[in-house]
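User: Happy to have you here! Could you walk me through this model, one question at a time?

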Amino acid sequence: MKKFLCLLMVVSVLLLSGCYDASEVEETAYLIALGIDNAENNAFNYTFQFAAPLAISGGEEGGGGGGSDSQPKKEGEILDAKNPTVKNILICAPDFYTAKNILTNYLSKTVNMSHLKMIVCSEDFAKDGLKKHSQLFLEEREIRPGTFIALSEDKAEQFLKAVKPDLEGSTSKYYELSNSEKTLVFAPSVRLGDFVSKSAIFDKSSVLPIAVVDKEKVATALYGMGVFKDSVLIGKMNGDEALLFNVLSGTEKRFSFSVNDPRNEGERLSFDNSILKTPVFKIEERAGSLKITTEIYLNMEFIGAKLPDGYKSEDEVLALGENELKSRLANFMLKTARDFSADILSIERFYKNKFFTIDEQENASFKEKYRTAEFITLIKRSNKGGSTVSGEIN
């Protein structure tokens with residue numbers, strides 16, 4: 001019996017440690033980024049970006065050598081930073097799965113999409129093809145809902161080929177860090193699952209960060225954001241406006257901004273701000289019109305070694321900064337309503353709490369009322385003594 005038990009234990013260990021379905025790194029191609037552009041005849045150009053693990057570890061495999069100082073030779077040419085840690089493959093096909101089949105037939109390795117970090121699409125594609133593709137990707141077993149997604153200012157292929165991280169050990173890690181809410185200031189951090197979800201609820205408004213390329217330095221960044229309705233691109237906002245979106249959505253906890261000094265020509269006044277709590281939205285309705293009040297709780301500090309000329313106290317300087325911030329926030333809110341008619345902050349969720357039935361919510365017509373709503377920004381600033389200074393702007 002003892003011999004039988006010993007034999008059984010040995011066999012169990014062998015079975016538990018088996019790797020019959022495992023694959024070697026040399027046999028697998030790990031997809032880390034995907035770019036999508038429109039092509040002719042209702043087709044799409046898919047840029048598959050794979051990690052080159054042997055190049056990352058010092059081996060010979062790579063995506064082609066060269067330095068980050070590569071420059072385009074003619075206008076319209078795709079920028080290529082010659083990133084040795086990745087391999088870019090372009091496939092033109094009528095749909096994603098056809099492109100994947102062509103890719104599998106082309107490669108000598110098995111494609112693994114479970115490590116996909118980022119999906120980038122062009123503006124033209126975002127106007128007609130993003131809705132179907134984003135839903136498809138979310139249902140794909142190997143693609144995770146947490147995959148980052150962005151809108152490319154130019155071609156998605158151009159952005160991916162221009163990526164060459166200098167401070168990270170791999171391109172995959174670069175995508176994680178560059179899309180992090182901790183590092184993004186002038187663009188929102190958006191994941192595939194969140195984008196699809198927000199595109200299906202309330203007024204179906206959502207946003208995506210804009211992926212830009214510095215064509216002189218062949219460098220990449222996320223700056224600004226695209227505004228979407230039902231997964232269709234309807235407009236764009238710049239980096240300063242994207243910062244305000246991050247503040248109002250509660251993802252940006254600390255930020256700074258500068259304004260022209262009205263009392264000293266050519267001088268700038270800078271302010272450091274710490275958000276004390278998530279912004280609060282309050283909605284009042286009178287005679288069928290909405291009044292939306294945004295309350296911002298923050299600690300504002302003037303960044304300067306001394307009091308600027310013409311000011312008697314620091315409170316005067318802080319009041320100027322507060323008025324500027326209120327003005328920017330109010331203009332941002334008005335733009336979402338008047339220019340885009342897009343409730344990108346999902347304020348409707350606070351409005352629907354006033355009703356008891358779904359019929360009452362639908363008959364309330366929040367979408368139409370949001371376009372003409374009155375917006376009030378109320379800043380509650382904590383000073384050094386711990387008290388609160390309030391102010392509002394329409």
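Analyst: Gladly! For sorting residues by class, Ala, Val, Leu, Ile, Met, Phe, Trp, Tyr, Cys and Pro count as nonpolar, Asp, Glu, Lys and Arg as charged, and the others, Gly among them, as polar. Please keep in mind that this is a predicted model.

User: How many nonpolar, polar and charged residues are in the lining of the largest pocket?

Analyst: The largest pocket holds about 500 Å³ of space. Its lining is made of 29 residues. By class, that lining has 12 nonpolar, 11 polar and 6 charged residues.

User: Which residues lie nearest the centre of the largest pocket?

Analyst: Elements giving two or more residues to the lining are α8 (192-198), β7, α9 (239-249) and α11 (348-351). Nearest the centre of the pocket lie Glu 181, Ser 189, Lys 198, Phe 245 and Thr 251.

User: Is Ser 206 buried or exposed?

Analyst: Ser 206 sits in strand β7 (residues 205-214). Its contacts beyond four places in sequence include Phe 195, Lys 198, Val 227 and Ile 344. The relative accessible area of Ser 206 is 3%, and the cut-off is under 20%, so Ser 206 is buried.

User: With which side chain does the side chain of Ser 206 make a polar contact?

Analyst: Ser 199 and Gly 226 are among the residues that Ser 206 touches. At 3.2 Å, the side chain of Ser 206 makes a polar contact with the side chain of Ser 199.

User: Which residues touch the most other members of the largest nonpolar core?

Analyst: This core has 79 residues. Helix α10 (residues 314-339) gives the largest share, 7 residues. Touching the most other members are Phe 48 and Phe 332.

Technical notes: Residues numbered from 1 in each chain as written. Predicted model: local features only at pLDDT ≥ 70, side-chain atom pairs only at ≥ 80, totals over all residues. Heavy atoms only, no water. Helix = DSSP H or I, 4+ residues; strand = E, 2+ residues; numbered from the N terminus. Buried < 20%, exposed > 50% of the residue type's maximum accessible area, 1.4 Å probe, protein only. Polar contact = N/O pair within 3.5 Å; in protein donor to acceptor, adjacent residues only side chain to side chain. Contact = heavy atoms within 4.5 Å. Core = buried A, V, L, I, M, F, W, Y, C linked by side-chain atoms within 4.5 Å. 1 Å grid on protein atoms, 1.4 Å probe; cavity = no way out; pocket = protein on both sides within 12 Å on 5 of 7 lines; lining within 4 Å. Points joined across faces, edges and corners; volume = space filled by probe spheres on them.
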